[in-house]
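This report describes one protein chain, part by part. Please keep the sequence and the structure in view while reading.

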Amino acid sequence: MIRKKVREILDGEATGTEVLVKGWVRTHRNSKNVSFIALNDGSTIRNLQVVADVNHFSGELLGEINTGAALSVTGILAASAGSGQAVELVAREIVLLGGADPENFPMQPKKHSLEFLRENAHLRFRTNTFGAIFRIRHAMAFAIHDYFNRRGFYYLHTPIITASDAEGAGQMFRVTTLDALQPPLTEEGKVDFSADFFGRPTNLTVSGQLEGELGATALGEIYTFGPTFRAENSNTTRHLAEFWMIEPEMAFYDLKDNMDLAEDFLKSLIRYALDHCSEDLAFLATRLREEEKGKPREQQSMDLIEKLKFVADNEFVRLTYTEAIDILRNSNHYKKKKFQFPVEWGVDLQSEHERYLVENHFRKPVILINYPKEIKAFYMKQNDDGKTVAAMDVLFPQIGEIIGGSQREEDYDKLVARMEEMHIPVEEMWWYLDTRRYGTVPHSGFGLGFERFILFITGMGNIRDVIAFPRTPRNAEF
Ligand code: 4AD
Ligand code: MG
């Protein structure tokens, strides 16, 4: 018999049909003559109720059907008398595939704290919350490829190991096969990287953008979607040392085209989630409501689904960095000294400022453009004012910066001058500069932090809970 997934069975198998199903036991309770087993196989948040006649199965077998055990069940679908499901499976044959010792299995059917589940990240997929999160994460990855594919963008696989620092921020993890305790030395007593695997110092990439630009200036429109690594020591709820980034890069786009794409992209993905992940979203919305029950009204967030619809249906606000600084400095929040970090033209915005703009002032997502050149990367297009660059950050409620991007400097001389000012090794970047030597064109791109986006969609509060196995400072378990 062909195995059916729980989702298929609950969505359409007729009563009277014989089916084979396999999955893990969520709960098992006994009444006088029958035993009720809630079986989940990951295909949906819903469980299939399996009904086992206690006179038909051995007490030994039934005794081993504990939370966490894996079963294969054959039976006949019947209309369910119980509430919450239309059909249930009347078991004819049950095979215990793998038992789970009830004394030791950590995922017992009760409420666990997110901290506890993080320590048990290898088993947390077995909970409703993490099942929902990872099904949504999958759906969003699929929607991203679908979005770009429909628009003629090509998926470009940029390297993970690189010899250049794309963001020029020096937050990189070294990749080496040299012996850390006894590295070969040069005559001057420095580490001799010419003896290393690649014959030079190499790192894990912080961004695929530079290689993305090479692709875009020939293929037209490309995107990358891969892991990126940052050795920044920020232990916050929004930073990971290993995260996934989506970086579209488009020839012939100026900053306005770039903003239009970013806004449409985010809204399309949100709509996809609303259309395709409604069950899991409804579960997470309820979870969030429960979580916030005790909080005072003004600290409670908008209902998850309402919030997603709101962002999908409303225009993002667009303004310049300079206008944002004015708004912040004129705010009561600023006057009452409620910001922890300074607000001054030239200083980078902190997430408290970004969130103030989005959550208190505009109450909408915001795209900030034209940042001071000193606080942005070397490759951004220099504006005519000589002070700002054509950068854009998209700011979201609860998250702050979700996208960072810019129009790129396409003028060879201006780019080289800026690189020299910022001590970027110009000779080593000859291949990047060649795009500006041969057929240079205006072009733009941005990077969406995948986990920050999944945080927004799921309403979770900590980025460690939307990636399977988070990598953060002092933490690389699993
Ligand atoms: O603003 P960032 O640093 O931009 C770039 O890397 C550009 N090369 C993108 C481009 O123009 N192609 O990073 C882009 C996004 C941020 O807005 C944020 O969402 C996410 O990546 N991000 C992180 N997410 C999780 N943990 C971290 N440590 C992150 N750093 C950046
Ligand atoms: Mg940024």
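## The largest cavity

Seven names make up the lining of the largest cavity: Thr-162, Ser-164, Ala-166, Thr-205, Val-206, Ser-207 and Glu-211. The model is a predicted one, and the volume of this cavity comes to about 30 Å³. Sorted by class, its lining holds two nonpolar, four polar and one charged residues.

A pocket is an open space, whereas a cavity is one from which the probe cannot get out. The second largest pocket holds about 920 Å³ of space. Its lining is made up of 30 residues, and those closest to its centre are Gln-299, Ser-301, Arg-355, Glu-359 and Gln-398.

Which helices each supply at least two residues of this lining? They are α7 (278–291), α8 (304–313) and α11 (351–362). The largest share comes from α11, with four residues. By class, the lining of the second largest pocket has 11 nonpolar, eight polar and 11 charged residues.

## The barrel

Five strands form a closed barrel in the order β1-β2-β3-β5-β4, and their pairing is mixed. From one strand to the next, the twist averages 55°. In general, strands of a sheet pair through backbone hydrogen bonds, and the pairing is either parallel or antiparallel.

Do strands β1 and β4 run parallel or antiparallel? Strand β1 (residues 18–30) and strand β4 (residues 70–79) run antiparallel, and seven bridges join them. Within this pair, Glu-18 stands opposite Ile-76 in β4.

## The chain as a whole

The protein chain contains 14 helices and 16 strands. Taken along the principal axes, its C-alpha atoms fill a box of roughly 85 × 60 × 45 Å.

What percentage of the 478 residues in the protein chain is buried? Buried residues make up 50% of them, where buried means under 20% relative accessible area. Contacts in the chain can also be sorted by how far apart the two residues lie in sequence. Among contacts between residues at least 6 apart in sequence, 66% join residues at least 24 apart.

Note on methods: Residues are numbered from 1 along each chain as its sequence is written. Chains are lettered from A and ligands numbered from 1 in the order in which they are written. This is a predicted model: local features need pLDDT of at least 70, side-chain atom pairs count only at pLDDT 80 or more; totals for chains, interfaces and linings use all residues. Side-chain values use heavy atoms; hydrogens and water are left out. Two strands pair if DSSP finds at least two bridges between them. Axes are lines fitted to C-alpha atoms, for helices over the stretch in contact, and angles run from 0 to 180 degrees between N-to-C directions. On a 1 Å grid over the protein atoms alone, a cavity is a set of points where a 1.4 Å probe fits but cannot get out, and a pocket is an open set with protein on both sides within 12 Å along at least five of seven lines; lining residues have an atom within 4 Å of a point. Grid points are joined across faces, edges and corners, and a volume is the space filled by probe spheres set on the points. Ala, Val, Leu, Ile, Met, Phe, Trp, Tyr, Cys and Pro count as nonpolar, Asp, Glu, Lys and Arg as charged, and the others, Gly among them, as polar. Buried means under 20% relative accessible area, exposed over 50%, partly exposed in between (1.4 Å probe, protein chains only). Contact means heavy atoms within 4.5 Å.
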